[in-house]
Amino acid sequence: MKRQSTWLSLVFWIAVSLITLFPIYWLFVISVKPAVDLFTTPDLFLKSFYWQNYLDVLTDRTLRGYMWNSLIVSSGNALLVTTLGFLACYALTRYDLGGKESIFFWTITNRMAPPAVFLLPLFLLMTSYYRIGNFSLLDTKIGLILVYCTLNLPFAIWTLRPTLDGIPKDLDEAAYMDGASSWKVISEVVFPLARPGVAVTLMLTWVFAWNEYLLAATLTNFNARTLTTGLSEYVTTTGTEWGVMATISVFTLIPALIVFSLVQKHIVAGLTFGAVKG
Amino acid sequence: MQSNKLGWFLLAPTLVVLFFFGVVPFLYVVWLAFHQWNPFAVDPTIIYNGAENFRRLVFDQAFLSSLGVTLAFTFFAVTTQVILGYVLAQAFMRDFPGKAIFRTIHTLPLIMAPIIVGSIWKLMTTPSIGIIPHYLDQWFGYDLNIGQSAIAAFTITVIMDVWHWTPLVTLTLIAALVSLPPDPFEQAQIDGANRRQIFWHITLPMISPAILATVFIRLMDALRTVDEVLMLTGGGPGSATRYLGVHIFREVFPRTNYGYGSAVSVIVLYLTIVVCWLLFVGLIAPRNKKA
Amino acid sequence: MTISLKAGASALALALAAQGAFAQDIQIENADWWQEAGAKFDGVTIRGVTESTPPSNFVTDVIAPKFEELTGIRVEIETTSWDQMYDKAIKDMEAGTGIYDVVYIEQDIVYSYLSRDFLVDMTAALEENSDLQAPGYSEDNFTTFADYFRGENGDLFGVPMEAFIKIYLYRTDLFDDEEIRAAFQEQTGRELEPAKTHEEYAEIAEFFTQYFQEQGEDIWGTTAQAHTGHPASWYEYVESILPTFGVYNWGINADEDYAATVEHGGEMNSDTAKEALTWWLSMRDIAPPESVQSTWTEVATTFAAGRAAQGLVYGENAAWIASDENQSRVVGNVGVALPPVEDGVMEEIEAGNGYIGYYDGGAFGIPVSSNNHEAALLFAQFLALPDLQEEWALAAPRITLTSTYDSERVQQLDEDLGGYFSMMRDDGALFQGAPPYPFHAQVREAVAPIFYSILTGSTGVDEGLDQMAERAEQELTNLGYRTN
């Protein structure tokens, strides 16, 4: 009985994984074919490899800069919003703040805005108002990190709140009784228990920042270009360079995979949380 | 409980950041929505025109049809994602060999940029040379043509969105499920509850805040989808997949219709807020209070 | 541009770099003058924005470094997508931020920029600062393409950097095949030759589609740039189909208060326009099935993959289709001809009363909002130096100076390309820049949704064009160009 269900679940997961993986496999296929070979009766399997796209991408020094910018911006933003979001959620769940449900709801409205129109005011603000002397936020990594907060901070707050709600308040109170400071309670009592939620929030906000295109395309020019803006360079009036785009995407999967596997461990660790507490 | 001052102090950075990068631009957009402004009109200046933009909107066939298809797209995409995501999250709660690998595989679509997702799906579905229409034709004699058939294009955008974003639902629900305290489940088992009873009376009520938060996020993201669809169909065929995000993009980018585009955005934002607020007041806020 | 040309170009770059000859290989006359001129701008950086096309990549990879080396002025070029490029340049110039010192302008958007006085009058600026006038640079060197970047006063507002014409490509291997020729003769009673008229073109297209369908091969009789949700289809219609039927300037009549409807003196919904669109749709229906998703590149790739016997393809793609073995399955089998026209239209065009298609391309202009006009002027002139043009034309098939046609290596390439360059030189005058409207994108976006719905068949041709003409007038009234 037990063995049979193991087999069943394996079959199930292999099927699900094949569906999930197919478009990614196809991405790889696109990256190792010249465009002209895409315009023919499609073949499920690869018969030959065309490495020119990889040579092009590897020798392209600007792309390396973009990769670096992307890493800094998404990691910086994910850490910032997760921290701020965690603190905000702690405040929202532990204190009796006036109008807190309205504030909670208001935060998410920041994510709802259709982005295209907000580019103009953001551009104007960042070039003309949010500046100190010669330093303006336009085309800086810190500028992007801050702008992404409008998308990711609401997300962080909304995904962390259920987690923090789920952590019994008796635990903090017990700690306070023992004379712990607020900082200690947050960092040593609540945070460890919220780790699965924090890990998922980190991962997802990182991904959102990593993949964001429209804001980065408008608000960076030379110094803070990210990988997605680099991708868009291959979509031009004269068309789209599918192969190079696909190749760059294959490369973008690598750092993302590393970040994911680093953070995923903590979700697993979270699994034992129930047992420890019980 | 500690003093509320500390609470406000912890909340303050969030409020400040969102004020400067969310509220201030929003106010500008609202202001612009009451103006006519196209930098390539005969008069390129910003001219106040009262509620004219909004009046035009109500009769704007392009906007209304865009609204309609967007709502349909959002409904089908989000519903499918939540159901699938929940089923998969539950399946991940069990132990089985290779679980870590399967979970990593399952999250892979998330790490792909929307413009890439749109590109791959375009190449997979282009008539005659795409792999999907090719096999549909060979195996079932079905002619999938996303360049001609509105239904086909619509369906493919939904499938693409489901493929891309179901993992997000799965992940947030896993986080919620693993944080559940085991006591109520043990108690229920002792009391002899069956699986279905446990699901309806214990699991669902306990994780519904997380489900709703996820629905919210997906809902609002689906309502403003741009990149994927722009790459996949460009909004076509005709206006079949010209979702609001795409519609607004075309209004303000190539057409430089800033005033009118702002009005459309304000209305879209308003509608999104109303829908979400109703959901929130009805479902989430009472729970938060209880908790 | 396609993966192919880019890959081809960079493979070439690698090969050349291996021989230690690339940017260094280009010799600029009067190097001293450039050194001296640049000395004044110590520490200045010029920033530009452009698309990532092969001609632009050549600027970034070769010309800019050379310019830096000579003058000491740093050049930074931002490459981005088409929509983004315009949006960013417009935001910058509108707000007067001064981010860019050089912007890429196409032969249609230039009229929008001119209407807003966004660009520096280069002719006047050089007259005022005669010490900036570079030896070797002269406005007289340009081909007629430069005329599409002149203001009303005849002054130049942009330095042409790429120019192309959309041409009629056909497969010489198929057109010369004895068996096919015999079959064609039998079916139609005439010799198989590249079409001169729409009627002949349609006959050939129908013949090939049917012929290869019977053979079970994936070859069709024509291409069609007929994407049902992308402006590419609109452009094929207004720049290559309508004019060959004798309807110019989108069917909008600037002299009649920008009328578009027949009722008001326009031609957007005239019977000829309806005939043209109907004809094009009938061609689309016998084109490869991917055509409904095809923009500019996909059409070229379709042709390169050997899926079409003939078709209209943008000239910038002709080079790799005709010569790059890695990228094309029809190398050596490509013939070049002028697009087919309706009877009587060619006479009209030759008399100067019309055009056979757009003379496409772009230039670099200097925004008024830039803080480095003078350094940017130097760079702009540098782009038009005859010394650079040969290498540039070889790396990307563009020609903007008349002298480039005389280069031996360019003539060699011309042969490989089936005479594309000679056609551009000899028949370039039959092509013309976009209509001088400051509202290209605006009107296009206003009518495009209706156009797409005609393409999907959900709106009829007659009814659709009537709606489009009305919508165009409505948009022009909103914008203030049309007074009623």
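**Note on a predicted multi-chain model**

1. Helix α3(C) bends by about 35 degrees at Ile63(C), and a proline, Pro65(C), follows within four residues of that point. The coordinates discussed here and below belong to a predicted model, and the values should be read accordingly.

2. The length of this helix can be checked against expectation: at 1.5 Å a residue, the 18 residues of α3 of chain C, residues 54-71, should span 26 Å, and because the end C-alpha atoms are 24 Å apart, the two values agree. After the helix comes Gly72(C), whose phi is positive, near 80 degrees.

3. Which residues of α3(C) are buried? Among them are Pro54(C), Pro55(C), Ser56(C), Asn57(C), Phe58(C) and Val59(C), and also Val62(C), Ala64(C), Lys66(C), Phe67(C) and Thr71(C); Ile63(C), the residue at which the bend of about 35 degrees is found, is buried as well.

4. Turning to the contact between chains A and B, 88 residues of chain B are in contact with 88 residues of chain A. On the chain B side, at least two residues each are supplied by α1 (4-33), α4 (99-107), α5 (114-125), α6 (131-140), α7 (150-178), α9 (195-223), α11 (244-252) and α12 (258-290), and α1(B) gives the most, with 17 residues. By class, this side of chain B has 64 nonpolar, 19 polar and five charged residues.

5. For chain B, an unreviewed UniProt entry places the feature "transmembrane region" at residues 7-34, 62-88, 100-121, 150-178, 198-220 and 263-285. In the model, residues 7-34 of chain B are 96% helix and 0% strand, with end C-alpha atoms 38 Å apart, while residues 198-220 of chain B are 100% helix and 0% strand, with end C-alpha atoms 31 Å apart.

6. The feature "domain: ABC transmembrane type-1" is placed by UniProt, again in an unreviewed entry, at residues 67-279 of chain B. Over residues 67-279 the chain is 75% helix and 0% strand in the model, and the end C-alpha atoms of this stretch are 19 Å apart.

7. Leaving aside residues up to four places away in sequence, Thr226(A) touches Tyr66(A), Asn69(A), Ser70(A), Val73(A), Ala216(A) and Thr220(A). Thr226(A) and Ile72(A) are 154 residues apart in sequence, yet their C-alpha atoms are 9.6 Å apart in space.

Note on methods. Residues are numbered from 1 along each chain as its sequence is written. Chains are lettered from A and ligands numbered from 1 in the order in which they are written. This is a predicted model: local features need pLDDT of at least 70, side-chain atom pairs count only at pLDDT 80 or more; totals for chains, interfaces and linings use all residues. Two residues are in contact if their C-beta atoms, placed from the backbone, lie within 7 Å. Ala, Val, Leu, Ile, Met, Phe, Trp, Tyr, Cys and Pro count as nonpolar, Asp, Glu, Lys and Arg as charged, and the others, Gly among them, as polar. The expected span of a helix is 1.5 Å times one less than its number of residues. The bend at a residue is the angle between axes fitted to the seven residues ending there and the seven starting there. A residue is buried if 20 or more other C-beta atoms lie within 10 Å of its own, exposed if 12 or fewer, and partly exposed in between; C-beta atoms are placed from the backbone. UniProt positions are given in the numbering used here, feature names are shortened, and annotations may be inferred rather than shown by experiment.
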